[in-house]
Amino acid sequence: MPARNHKQWTANPPLKDGEWINSRIYSDPEIAQEENEKIFKNMWVPVCHESELPAPYDFRTTSIANENIIICRGPDNEVRAFLNVCPHRGMLIERRPSGSFMEGQASGNPKRITCMFHAWQFDMKGNCVYVAREKEGYQDRLCKEQVGLRRLRCEVKFGGFVWINLNDNPSVSLEDWAGEPFECLRKTLDEEPLEVFHYHKAIIDTNYKLWHDTNSEFYHDFMHYHNRVTGFNDAYFARKNEAFDHGHVVVGTFEVNYENYEGFESRADLSFPHLPPNQWYMVDLFPGFNFNLRGSALRCDTVTPLGPDKVLIEFRGLGLKSDSPEDRMTRIKHHNSIWGPFGRNLHEDLIGVAGQGTTMRPDTEPRRILHGRQENQTIHDENGMRHYYEEWGRWMDRSPIAPDMPFSDRDDGSQVVNAE
Amino acid sequence: MEHENVLEYKKMSWIKICSTTEVAQGSLKKFWAGVAGGIPVVAVHHKEGFVVMPPVCPHMEEPLEDSGVVSGCKLTCTKHLWAWDLQTMSLEGEAEKPLKTYDTKVEGEDVMAFITEQLEYDFEEEDDMDDDDFFNS
(Lines give C-alpha, C1' and ligand atoms only; values in the text may rest on other atoms or scores of the structure.)
Protein backbone atom coordinates (compact mmCIF):
# COMPACT_ATOMS: atom_id res chain seq x y z
CA MET A 1 0.00 0.00 0.00
CA PRO A 2 1.20 3.50 -0.71
CA ALA A 3 1.65 6.02 2.07
CA ARG A 4 -1.59 7.20 3.64
CA ASN A 5 -3.20 10.56 4.25
CA HIS A 6 -4.65 11.46 7.64
CA LYS A 7 -8.05 9.97 6.95
CA GLN A 8 -6.56 6.73 5.69
CA TRP A 9 -4.05 6.66 8.54
CA THR A 10 -6.76 6.94 11.17
CA ALA A 11 -9.19 4.52 9.51
CA ASN A 12 -9.80 1.19 11.17
CA PRO A 13 -7.94 -1.83 9.79
CA PRO A 14 -9.81 -4.64 8.02
CA LEU A 15 -9.35 -6.97 10.98
CA LYS A 16 -11.73 -8.46 13.51
CA ASP A 17 -12.49 -7.25 17.02
CA GLY A 18 -9.52 -8.12 19.21
CA GLU A 19 -7.07 -8.26 16.31
CA TRP A 20 -6.27 -4.62 16.75
CA ILE A 21 -6.59 -2.10 19.56
CA ASN A 22 -6.63 1.65 20.01
CA SER A 23 -3.32 3.15 21.18
CA ARG A 24 -5.26 5.49 23.46
CA ILE A 25 -5.19 2.76 26.11
CA TYR A 26 -1.41 3.30 26.26
CA SER A 27 -1.56 7.10 26.35
CA ASP A 28 -4.63 8.37 28.16
CA PRO A 29 -3.92 9.63 31.74
CA GLU A 30 -7.52 9.02 32.74
CA ILE A 31 -7.33 5.40 31.65
CA ALA A 32 -4.01 4.97 33.47
CA GLN A 33 -5.55 6.25 36.69
CA GLU A 34 -8.55 4.01 36.23
CA GLU A 35 -6.28 0.99 35.74
CA ASN A 36 -4.85 1.57 39.21
CA GLU A 37 -8.33 1.69 40.71
CA LYS A 38 -9.92 -1.13 38.77
CA ILE A 39 -7.03 -3.50 38.16
CA PHE A 40 -4.01 -2.99 40.42
CA LYS A 41 -6.01 -2.39 43.61
CA ASN A 42 -7.83 -5.69 43.09
CA MET A 43 -5.02 -7.85 41.75
CA TRP A 44 -2.60 -10.33 43.29
CA VAL A 45 0.77 -8.63 42.92
CA PRO A 46 4.12 -10.37 43.51
CA VAL A 47 5.95 -7.70 45.52
CA CYS A 48 9.16 -9.54 46.38
CA HIS A 49 10.59 -12.96 47.18
CA GLU A 50 10.69 -14.41 50.67
CA SER A 51 14.49 -14.81 50.44
CA GLU A 52 14.71 -11.02 50.43
CA LEU A 53 13.50 -11.02 54.04
CA PRO A 54 15.27 -14.13 55.33
CA ALA A 55 15.35 -13.44 59.09
CA PRO A 56 12.68 -12.50 61.61
CA TYR A 57 12.18 -8.70 61.74
CA ASP A 58 13.53 -8.22 58.18
CA PHE A 59 11.40 -5.93 56.08
CA ARG A 60 10.98 -4.41 52.62
CA THR A 61 8.87 -1.51 51.45
CA THR A 62 7.10 -1.18 48.13
CA SER A 63 3.95 0.24 46.61
CA ILE A 64 0.97 -0.91 44.58
CA ALA A 65 -1.18 1.67 42.81
CA ASN A 66 0.42 4.48 44.84
CA GLU A 67 -0.40 2.77 48.13
CA ASN A 68 2.73 2.40 50.25
CA ILE A 69 3.35 -1.00 51.75
CA ILE A 70 5.60 -2.61 54.39
CA ILE A 71 6.30 -6.33 54.15
CA CYS A 72 7.93 -7.89 57.22
CA ARG A 73 8.79 -11.27 58.68
CA GLY A 74 7.57 -11.87 62.21
CA PRO A 75 9.28 -13.76 65.05
CA ASP A 76 6.96 -16.64 64.09
CA ASN A 77 8.57 -16.59 60.60
CA GLU A 78 5.32 -15.49 58.96
CA VAL A 79 5.52 -12.83 56.26
CA ARG A 80 2.86 -10.15 56.65
CA ALA A 81 2.04 -6.94 54.83
CA PHE A 82 0.63 -3.63 56.01
CA LEU A 83 0.03 -0.21 54.58
CA ASN A 84 3.14 1.85 55.32
CA VAL A 85 0.95 4.54 56.81
CA CYS A 86 0.82 5.69 60.42
CA PRO A 87 -2.75 5.57 61.79
CA HIS A 88 -2.02 8.79 63.71
CA ARG A 89 -1.32 11.52 61.16
CA GLY A 90 -0.77 9.61 57.94
CA MET A 91 3.03 9.73 57.97
CA LEU A 92 4.98 7.28 55.82
CA ILE A 93 6.22 5.03 58.63
CA GLU A 94 9.25 3.33 57.12
CA ARG A 95 11.41 5.19 54.62
CA ARG A 96 14.12 2.60 53.94
CA PRO A 97 13.73 0.23 50.96
CA SER A 98 14.70 -2.73 53.12
CA GLY A 99 16.36 -3.56 56.41
CA SER A 100 15.69 -5.04 59.83
CA PHE A 101 13.55 -3.92 62.74
CA MET A 102 15.78 -5.89 65.12
CA GLU A 103 17.52 -2.71 66.19
CA GLY A 104 15.29 0.08 67.45
CA GLN A 105 14.95 3.37 65.61
CA ALA A 106 16.14 6.55 67.36
CA SER A 107 12.72 7.18 68.87
CA GLY A 108 11.61 3.55 68.88
CA ASN A 109 12.50 0.21 70.38
CA PRO A 110 13.95 -3.04 69.09
CA LYS A 111 11.64 -5.37 67.16
CA ARG A 112 9.12 -2.59 66.53
CA ILE A 113 8.02 -0.62 63.51
CA THR A 114 8.37 2.99 64.63
CA CYS A 115 6.89 6.10 63.12
CA MET A 116 9.60 8.71 63.50
CA PHE A 117 7.11 11.58 63.54
CA HIS A 118 5.46 11.00 66.96
CA ALA A 119 7.02 7.69 68.01
CA TRP A 120 3.98 5.46 67.68
CA GLN A 121 5.13 1.85 67.50
CA PHE A 122 3.78 -1.38 66.03
CA ASP A 123 4.75 -5.05 66.22
CA MET A 124 5.28 -7.47 63.34
CA LYS A 125 1.60 -8.44 63.43
CA GLY A 126 0.47 -4.85 62.99
CA ASN A 127 -0.65 -4.36 66.60
CA CYS A 128 -0.08 -0.86 67.89
CA VAL A 129 2.09 -1.31 70.97
CA TYR A 130 2.95 2.26 71.90
CA VAL A 131 1.12 5.55 71.63
CA ALA A 132 3.07 8.48 73.03
CA ARG A 133 1.18 10.09 75.95
CA GLU A 134 -1.70 7.71 75.43
CA LYS A 135 -3.35 8.35 78.81
CA GLU A 136 -2.51 12.04 79.07
CA GLY A 137 -3.62 12.84 75.56
CA TYR A 138 -6.54 10.54 74.95
CA GLN A 139 -7.63 9.75 78.55
CA ASP A 140 -9.86 6.74 77.89
CA ARG A 141 -11.33 7.94 74.60
CA LEU A 142 -8.83 6.10 72.39
CA CYS A 143 -6.37 3.36 73.18
CA LYS A 144 -3.65 1.59 71.24
CA GLU A 145 -5.84 -1.47 70.70
CA GLN A 146 -7.93 0.69 68.36
CA VAL A 147 -5.15 2.05 66.18
CA GLY A 148 -3.40 -0.97 64.67
CA LEU A 149 -1.90 -0.92 61.19
CA ARG A 150 -3.96 -1.69 58.09
CA ARG A 151 -3.14 -5.32 57.38
CA LEU A 152 -3.21 -6.56 53.78
CA ARG A 153 -3.84 -9.94 52.25
CA CYS A 154 -0.44 -11.53 51.81
CA GLU A 155 0.59 -15.03 50.74
CA VAL A 156 3.91 -16.73 50.04
CA LYS A 157 3.40 -18.99 47.05
CA PHE A 158 4.65 -20.36 43.72
CA GLY A 159 8.32 -20.74 44.58
CA GLY A 160 8.40 -18.39 47.58
CA PHE A 161 7.17 -15.19 45.96
CA VAL A 162 5.28 -12.81 48.25
CA TRP A 163 1.87 -11.88 46.82
CA ILE A 164 -0.30 -9.04 48.07
CA ASN A 165 -3.84 -8.07 47.21
CA LEU A 166 -5.08 -4.64 48.34
CA ASN A 167 -8.65 -5.91 48.19
CA ASP A 168 -9.70 -7.66 51.42
CA ASN A 169 -12.14 -9.77 49.43
CA PRO A 170 -10.53 -10.51 46.08
CA SER A 171 -12.77 -11.86 43.36
CA VAL A 172 -10.57 -14.95 43.12
CA SER A 173 -8.08 -16.66 45.43
CA LEU A 174 -4.40 -16.61 44.51
CA GLU A 175 -4.45 -20.36 43.90
CA ASP A 176 -7.47 -20.14 41.60
CA TRP A 177 -6.07 -17.09 39.85
CA ALA A 178 -2.57 -18.38 38.98
CA GLY A 179 -2.48 -22.05 39.92
CA GLU A 180 -3.09 -23.35 36.41
CA PRO A 181 -0.48 -21.31 34.55
CA PHE A 182 2.06 -22.19 37.25
CA GLU A 183 1.22 -25.89 37.04
CA CYS A 184 4.02 -26.53 34.51
CA LEU A 185 6.60 -25.17 36.95
CA ARG A 186 5.04 -25.92 40.31
CA LYS A 187 7.18 -28.96 41.15
CA THR A 188 10.27 -27.21 39.88
CA LEU A 189 9.74 -24.03 41.88
CA ASP A 190 8.52 -25.69 45.07
CA GLU A 191 11.01 -28.55 45.29
CA GLU A 192 13.49 -26.55 47.36
CA PRO A 193 13.87 -22.94 48.51
CA LEU A 194 14.90 -20.36 45.92
CA GLU A 195 17.00 -17.30 46.53
CA VAL A 196 17.20 -13.91 44.84
CA PHE A 197 20.73 -13.18 43.61
CA HIS A 198 19.98 -10.28 41.30
CA TYR A 199 17.80 -7.21 41.71
CA HIS A 200 17.62 -4.07 39.68
CA LYS A 201 14.89 -1.68 38.77
CA ALA A 202 14.39 0.68 35.90
CA ILE A 203 11.94 3.47 35.19
CA ILE A 204 11.13 3.40 31.51
CA ASP A 205 9.19 6.00 29.55
CA THR A 206 6.55 3.67 28.23
CA ASN A 207 3.22 2.14 29.16
CA TYR A 208 3.37 -0.93 31.41
CA LYS A 209 1.23 -2.97 29.00
CA LEU A 210 3.80 -2.53 26.26
CA TRP A 211 6.41 -4.16 28.49
CA HIS A 212 4.11 -7.08 29.09
CA ASP A 213 3.40 -7.32 25.34
CA THR A 214 7.11 -7.73 24.74
CA ASN A 215 7.18 -10.53 27.28
CA SER A 216 4.09 -12.09 25.70
CA GLU A 217 5.25 -12.48 22.13
CA PHE A 218 8.36 -14.25 21.02
CA TYR A 219 8.48 -13.12 17.45
CA HIS A 220 10.50 -9.94 17.97
CA ASP A 221 13.49 -12.12 17.19
CA PHE A 222 14.25 -9.69 14.37
CA MET A 223 15.38 -7.33 17.10
CA HIS A 224 17.23 -10.06 19.02
CA TYR A 225 19.52 -10.49 16.06
CA HIS A 226 22.18 -12.56 17.80
CA ASN A 227 19.61 -14.91 19.27
CA ARG A 228 18.04 -15.34 15.88
CA VAL A 229 21.17 -16.08 13.90
CA THR A 230 22.56 -18.50 16.47
CA GLY A 231 20.96 -21.06 18.69
CA PHE A 232 17.39 -21.16 17.44
CA ASN A 233 15.96 -24.36 16.07
CA ASP A 234 12.65 -25.48 14.64
CA ALA A 235 11.37 -26.25 18.11
CA TYR A 236 11.82 -22.60 19.00
CA PHE A 237 9.26 -21.53 16.44
CA ALA A 238 6.94 -24.48 17.03
CA ARG A 239 6.21 -23.57 20.64
CA LYS A 240 2.69 -22.50 21.43
CA ASN A 241 1.26 -19.69 23.46
CA GLU A 242 -1.23 -21.32 25.77
CA ALA A 243 -3.93 -19.06 27.18
CA PHE A 244 -5.28 -19.52 30.70
CA ASP A 245 -8.20 -17.96 32.51
CA HIS A 246 -7.69 -14.48 33.96
CA GLY A 247 -5.58 -13.23 31.05
CA HIS A 248 -2.49 -15.35 31.65
CA VAL A 249 -0.36 -16.98 28.97
CA VAL A 250 2.27 -19.70 29.17
CA VAL A 251 4.78 -20.18 26.38
CA GLY A 252 5.54 -23.84 25.80
CA THR A 253 8.99 -25.12 26.59
CA PHE A 254 11.72 -26.32 24.26
CA GLU A 255 15.40 -27.23 24.46
CA VAL A 256 17.71 -24.30 23.76
CA ASN A 257 21.01 -25.01 21.97
CA TYR A 258 23.16 -22.80 24.15
CA GLU A 259 26.32 -24.27 22.64
CA ASN A 260 25.34 -22.55 19.39
CA TYR A 261 25.17 -19.13 21.05
CA GLU A 262 28.55 -17.54 20.63
CA GLY A 263 30.34 -17.54 23.99
CA PHE A 264 27.62 -19.58 25.73
CA GLU A 265 27.62 -23.02 27.29
CA SER A 266 25.09 -25.71 28.07
CA ARG A 267 23.15 -25.11 31.28
CA ALA A 268 22.25 -28.77 31.75
CA ASP A 269 24.39 -29.23 34.88
CA LEU A 270 22.51 -26.54 36.75
CA SER A 271 18.94 -27.23 35.66
CA PHE A 272 16.26 -26.37 38.15
CA PRO A 273 14.73 -29.48 39.80
CA HIS A 274 12.60 -31.84 37.70
CA LEU A 275 13.49 -30.18 34.38
CA PRO A 276 15.05 -31.79 31.32
CA PRO A 277 18.26 -29.97 30.30
CA ASN A 278 18.23 -26.43 28.87
CA GLN A 279 14.46 -25.95 28.95
CA TRP A 280 12.88 -22.54 28.68
CA TYR A 281 9.57 -21.78 30.37
CA MET A 282 7.70 -18.52 30.39
CA VAL A 283 4.68 -17.68 32.51
CA ASP A 284 3.04 -14.31 31.79
CA LEU A 285 0.49 -13.21 34.34
CA PHE A 286 -2.01 -10.46 33.74
CA PRO A 287 -1.54 -7.51 34.12
CA GLY A 288 2.27 -7.47 34.03
CA PHE A 289 4.19 -10.15 35.92
CA ASN A 290 6.60 -12.39 34.11
CA PHE A 291 8.36 -15.57 35.25
CA ASN A 292 11.03 -16.69 32.84
CA LEU A 293 13.05 -19.82 33.53
CA ARG A 294 15.97 -20.49 31.23
CA GLY A 295 17.12 -23.83 32.58
CA SER A 296 19.50 -22.71 35.29
CA ALA A 297 18.25 -19.24 36.19
CA LEU A 298 14.82 -17.79 36.91
CA ARG A 299 13.96 -14.23 36.08
CA CYS A 300 10.90 -12.45 37.39
CA ASP A 301 9.81 -9.00 36.33
CA THR A 302 7.01 -7.00 37.83
CA VAL A 303 5.58 -3.71 36.66
CA THR A 304 4.34 -0.75 38.66
CA PRO A 305 2.67 1.83 36.40
CA LEU A 306 3.73 5.39 37.24
CA GLY A 307 1.47 7.05 34.69
CA PRO A 308 0.36 6.37 31.12
CA ASP A 309 3.90 6.71 29.78
CA LYS A 310 6.07 5.70 32.71
CA VAL A 311 6.60 2.32 34.30
CA LEU A 312 8.79 1.02 37.09
CA ILE A 313 10.06 -2.45 36.22
CA GLU A 314 11.70 -4.55 38.92
CA PHE A 315 13.91 -7.38 37.74
CA ARG A 316 14.88 -10.29 39.94
CA GLY A 317 17.14 -13.22 39.23
CA LEU A 318 16.86 -16.38 41.31
CA GLY A 319 18.79 -19.56 41.87
CA LEU A 320 18.56 -22.37 44.39
CA LYS A 321 19.23 -21.45 47.99
CA SER A 322 21.36 -24.59 48.31
CA ASP A 323 23.79 -23.45 45.56
CA SER A 324 27.49 -23.83 46.25
CA PRO A 325 29.39 -20.57 45.72
CA GLU A 326 30.76 -21.94 42.43
CA ASP A 327 27.35 -22.99 41.15
CA ARG A 328 25.91 -19.65 42.17
CA MET A 329 28.56 -17.79 40.18
CA THR A 330 27.77 -19.89 37.12
CA ARG A 331 24.05 -19.30 37.55
CA ILE A 332 24.62 -15.57 37.86
CA LYS A 333 26.68 -15.68 34.67
CA HIS A 334 23.87 -17.54 32.90
CA HIS A 335 21.37 -14.97 34.15
CA ASN A 336 23.44 -11.91 33.31
CA SER A 337 24.53 -13.10 29.88
CA ILE A 338 20.91 -12.90 28.70
CA TRP A 339 19.16 -10.56 31.10
CA GLY A 340 21.82 -8.51 32.82
CA PRO A 341 22.07 -4.85 31.85
CA PHE A 342 24.87 -5.95 29.50
CA GLY A 343 23.24 -9.22 28.47
CA ARG A 344 21.95 -10.18 25.07
CA ASN A 345 18.28 -9.41 25.38
CA LEU A 346 17.31 -6.97 28.06
CA HIS A 347 18.51 -3.74 26.53
CA GLU A 348 17.05 -4.73 23.16
CA ASP A 349 13.65 -5.32 24.74
CA LEU A 350 13.91 -1.95 26.47
CA ILE A 351 14.74 -0.21 23.19
CA GLY A 352 11.60 -1.75 21.71
CA VAL A 353 9.19 -0.59 24.38
CA ALA A 354 10.86 2.79 24.81
CA GLY A 355 10.41 3.37 21.09
CA GLN A 356 6.73 2.51 21.33
CA GLY A 357 6.43 4.76 24.37
CA THR A 358 7.95 7.64 22.41
CA THR A 359 5.23 7.48 19.75
CA MET A 360 2.43 7.14 22.31
CA ARG A 361 2.93 10.07 24.65
CA PRO A 362 -0.31 11.39 26.20
CA ASP A 363 -0.85 14.10 23.59
CA THR A 364 -0.25 12.01 20.51
CA GLU A 365 -3.09 11.11 18.20
CA PRO A 366 -4.54 7.67 18.89
CA ARG A 367 -3.69 5.11 16.25
CA ARG A 368 -4.32 1.47 15.58
CA ILE A 369 -2.08 -1.19 17.06
CA LEU A 370 -2.27 -4.53 15.28
CA HIS A 371 -2.43 -7.83 17.11
CA GLY A 372 -3.78 -9.78 14.17
CA ARG A 373 -1.22 -12.48 13.41
CA GLN A 374 -2.84 -15.90 13.33
CA GLU A 375 -0.34 -18.75 13.12
CA ASN A 376 -1.89 -21.69 14.90
CA GLN A 377 -0.97 -20.24 18.31
CA THR A 378 2.72 -20.77 17.75
CA ILE A 379 5.03 -18.07 18.96
CA HIS A 380 4.51 -15.97 15.84
CA ASP A 381 0.81 -15.87 16.62
CA GLU A 382 -0.46 -12.82 18.52
CA ASN A 383 -3.04 -14.80 20.47
CA GLY A 384 -1.23 -14.08 23.76
CA MET A 385 -1.84 -10.37 23.42
CA ARG A 386 -5.39 -10.82 22.15
CA HIS A 387 -6.10 -12.92 25.23
CA TYR A 388 -4.54 -10.28 27.46
CA TYR A 389 -6.54 -7.38 26.05
CA GLU A 390 -9.79 -9.26 26.37
CA GLU A 391 -9.06 -9.62 30.09
CA TRP A 392 -8.09 -5.95 30.23
CA GLY A 393 -11.42 -5.00 28.67
CA ARG A 394 -13.27 -7.09 31.23
CA TRP A 395 -11.54 -5.49 34.24
CA MET A 396 -11.83 -1.96 32.85
CA ASP A 397 -15.22 -2.39 31.25
CA ARG A 398 -13.77 -0.54 28.28
CA SER A 399 -13.36 -1.84 24.77
CA PRO A 400 -9.66 -1.89 23.80
CA ILE A 401 -10.78 -0.80 20.33
CA ALA A 402 -13.07 2.00 21.44
CA PRO A 403 -12.12 2.82 25.02
CA ASP A 404 -15.23 4.92 25.65
CA MET A 405 -17.46 1.96 24.87
CA PRO A 406 -18.20 -0.48 27.70
CA PHE A 407 -16.62 -3.87 27.13
CA SER A 408 -19.86 -5.51 28.17
CA ASP A 409 -21.60 -3.88 25.18
CA ARG A 410 -19.31 -5.44 22.64
CA ASP A 411 -20.85 -7.62 20.02
CA ASP A 412 -19.27 -8.48 16.74
CA GLY A 413 -16.30 -6.59 15.35
CA SER A 414 -18.15 -4.48 12.83
CA GLN A 415 -20.33 -2.80 15.41
CA VAL A 416 -17.39 -1.87 17.56
CA VAL A 417 -15.39 -0.65 14.60
CA ASN A 418 -18.17 1.74 13.69
CA ALA A 419 -18.33 3.15 17.17
CA GLU A 420 -15.28 5.35 17.00
CA MET B 1 28.88 -25.99 71.65
CA GLU B 2 26.32 -23.47 72.75
CA HIS B 3 24.46 -26.22 74.55
CA GLU B 4 27.57 -27.13 76.52
CA ASN B 5 27.96 -23.51 77.51
CA VAL B 6 24.43 -23.42 78.80
CA LEU B 7 25.13 -26.45 80.95
CA GLU B 8 28.32 -24.90 82.16
CA TYR B 9 26.77 -21.73 83.47
CA LYS B 10 23.77 -23.57 84.77
CA LYS B 11 26.15 -25.26 87.13
CA MET B 12 27.43 -21.90 88.22
CA SER B 13 25.85 -19.76 90.83
CA TRP B 14 27.92 -16.75 91.85
CA ILE B 15 29.64 -15.49 88.73
CA LYS B 16 32.10 -12.67 88.38
CA ILE B 17 30.61 -10.05 86.08
CA CYS B 18 33.32 -7.40 86.14
CA SER B 19 35.65 -5.59 88.47
CA THR B 20 34.44 -2.58 90.42
CA THR B 21 36.75 -0.28 88.47
CA GLU B 22 35.21 -1.18 85.12
CA VAL B 23 31.94 0.66 85.76
CA ALA B 24 32.19 4.20 87.09
CA GLN B 25 29.68 5.27 89.71
CA GLY B 26 26.64 6.80 88.01
CA SER B 27 26.90 4.58 84.94
CA LEU B 28 26.14 1.13 83.64
CA LYS B 29 27.81 -1.28 81.27
CA LYS B 30 26.86 -4.44 79.41
CA PHE B 31 28.66 -7.73 80.04
CA TRP B 32 28.30 -11.36 79.08
CA ALA B 33 28.07 -13.46 82.20
CA GLY B 34 29.75 -16.86 82.08
CA VAL B 35 31.86 -18.21 79.27
CA ALA B 36 31.70 -17.01 75.66
CA GLY B 37 28.14 -16.79 74.42
CA GLY B 38 26.84 -16.51 77.98
CA ILE B 39 24.02 -14.50 79.47
CA PRO B 40 23.79 -10.79 78.63
CA VAL B 41 23.54 -8.50 81.66
CA VAL B 42 24.12 -4.91 82.61
CA ALA B 43 26.00 -3.96 85.78
CA VAL B 44 24.66 -0.70 87.19
CA HIS B 45 26.88 1.27 89.56
CA HIS B 46 24.61 3.55 91.56
CA LYS B 47 25.37 5.73 94.55
CA GLU B 48 25.10 2.91 97.07
CA GLY B 49 26.53 -0.01 95.13
CA PHE B 50 26.11 -2.39 92.20
CA VAL B 51 23.07 -4.15 90.74
CA VAL B 52 23.26 -6.70 87.93
CA MET B 53 20.16 -7.13 85.77
CA PRO B 54 18.93 -8.15 82.31
CA PRO B 55 20.18 -5.69 79.68
CA VAL B 56 16.81 -4.40 78.51
CA CYS B 57 14.05 -2.18 79.84
CA PRO B 58 10.96 -4.20 80.85
CA HIS B 59 8.76 -1.76 78.97
CA MET B 60 9.74 -2.29 75.32
CA GLU B 61 13.01 -4.18 75.28
CA GLU B 62 15.11 -1.03 74.92
CA PRO B 63 18.82 -1.78 75.43
CA LEU B 64 19.70 -0.15 78.75
CA GLU B 65 23.30 0.31 77.62
CA ASP B 66 21.93 2.78 75.05
CA SER B 67 19.16 4.50 76.97
CA GLY B 68 19.74 3.85 80.69
CA VAL B 69 20.82 6.79 82.87
CA VAL B 70 21.95 6.41 86.49
CA SER B 71 21.47 9.31 88.89
CA GLY B 72 21.93 8.81 92.61
CA CYS B 73 20.18 5.53 93.29
CA LYS B 74 17.77 5.93 90.35
CA LEU B 75 17.93 4.15 87.02
CA THR B 76 15.92 5.79 84.23
CA CYS B 77 15.31 4.42 80.76
CA THR B 78 15.28 7.66 78.83
CA LYS B 79 13.20 6.32 75.96
CA HIS B 80 9.88 6.51 77.79
CA LEU B 81 11.05 7.61 81.24
CA TRP B 82 10.42 4.39 83.10
CA ALA B 83 12.54 4.59 86.29
CA TRP B 84 13.31 2.61 89.42
CA ASP B 85 14.97 3.24 92.78
CA LEU B 86 17.70 0.61 92.87
CA GLN B 87 17.88 0.53 96.66
CA THR B 88 14.21 0.02 97.38
CA MET B 89 13.35 -1.31 93.86
CA SER B 90 10.27 0.90 93.92
CA LEU B 91 8.73 2.09 90.66
CA GLU B 92 9.46 5.71 89.76
CA GLY B 93 8.64 8.01 86.87
CA GLU B 94 6.44 6.37 84.26
CA ALA B 95 7.37 2.81 85.19
CA GLU B 96 4.55 0.27 85.22
CA LYS B 97 6.54 -2.91 85.78
CA PRO B 98 9.23 -3.84 88.30
CA LEU B 99 12.80 -4.55 87.28
CA LYS B 100 14.11 -8.07 87.47
CA THR B 101 17.57 -8.24 89.03
CA TYR B 102 20.16 -10.85 89.94
CA ASP B 103 21.42 -11.03 93.51
CA THR B 104 24.58 -8.99 93.43
CA LYS B 105 27.56 -8.67 95.77
CA VAL B 106 31.01 -7.14 95.74
CA GLU B 107 33.88 -9.29 96.89
CA GLY B 108 37.12 -7.37 97.00
CA GLU B 109 37.23 -5.81 93.55
CA ASP B 110 34.91 -8.34 91.95
CA VAL B 111 31.26 -7.63 91.16
CA MET B 112 29.50 -10.99 91.50
CA ALA B 113 25.98 -11.99 90.48
CA PHE B 114 24.03 -15.11 91.44
CA ILE B 115 22.94 -16.51 88.10
CA THR B 116 21.39 -19.91 87.63
CA GLU B 117 19.19 -19.03 84.69
CA GLN B 118 18.62 -16.08 82.41
CA LEU B 119 15.99 -13.62 83.64
CA GLU B 120 13.77 -12.37 80.84
CA TYR B 121 10.72 -10.20 80.47
CA ASP B 122 7.62 -11.22 78.66
CA PHE B 123 7.19 -9.11 75.52
CA GLU B 124 4.58 -11.38 74.05
CA GLU B 125 2.91 -10.17 70.92
CA GLU B 126 -0.79 -10.51 70.53
CA ASP B 127 -1.92 -13.25 68.22
CA ASP B 128 -3.50 -12.43 64.95
CA MET B 129 -6.34 -14.09 63.19
CA ASP B 130 -6.30 -16.44 60.24
CA ASP B 131 -6.54 -14.48 56.94
CA ASP B 132 -10.09 -15.40 56.09
CA ASP B 133 -11.41 -14.76 59.60
CA PHE B 134 -9.54 -11.47 59.70
CA PHE B 135 -10.54 -10.07 56.32
CA ASN B 136 -14.15 -11.14 56.56
CA SER B 137 -14.72 -9.87 60.08
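Colleague: How many residues of domain 1 of chain A are in contact with domain 2 of chain A?

Modeller: Nine residues of domain 1 touch ten residues of domain 2, both in chain A, where contact means heavy atoms within 4.5 Å. Keep in mind that this is a predicted model, where local features need pLDDT of at least 70 and side-chain atom pairs count only at pLDDT 80 or more, while totals for chains, interfaces and linings use all residues. Residues are numbered from 1 along each chain as its sequence is written, chains are lettered from A and ligands numbered from 1 in the order in which they are written, and side-chain values use heavy atoms, with hydrogens and water left out.

Colleague: Where does chain A split into domains?

Modeller: Domain 1 covers 45-155 and domain 2 covers 180-396; the bounds come from an automatic or database domain assignment. Their centres, taken over C-alpha atoms, are 34 Å apart.

Colleague: Which side chains meet in a salt bridge there?

Modeller: A:Glu52 and A:Arg316 do, at 2.8 Å, N to O. The count between the two domains of chain A is one salt bridge, meaning a side-chain nitrogen of Lys or Arg within 4 Å of a carboxyl oxygen of Asp or Glu.

Colleague: And which element gives the most to the domain 1 side?

Modeller: That's β2(A), with five residues. Strands here are DSSP runs (E, at least two residues), as helices are (H or I, at least four), numbered from the N terminus.

Colleague: Switching to chain B: how many residues of chain A are in contact with it?

Modeller: 27 residues of chain A are in contact with 21 of chain B. The two chains bury about 1900 Å² between them, with 38% of it on carbon and sulfur atoms; buried area is the accessible area (1.4 Å probe) that two parts lose on being put together, summed over both.

Colleague: How many salt bridges across that interface?

Modeller: Three. One of them joins the side chains of B:Asp132 and A:Arg153, at 3.3 Å, N to O. On the chain A side, β10(A) gives the largest share, four residues.

Colleague: Last one: is A:Cys86 buried or exposed?

Modeller: A:Cys86 is buried, because its relative accessible area is 3% and buried means under 20% (1.4 Å probe, protein chains only). A:Cys86 sits in the loop between β5 (79-83) and β6 (98-100) of chain A.

Colleague: What does A:Cys86 touch?

Modeller: Leaving out residues up to four places away in sequence, A:Cys86 touches A:Met91, A:Ile93, A:Cys115, A:Trp120 and A:Phe122.

Technical notes
Buried < 20%, exposed > 50% of the residue type's maximum accessible area, 1.4 Å probe, protein only.
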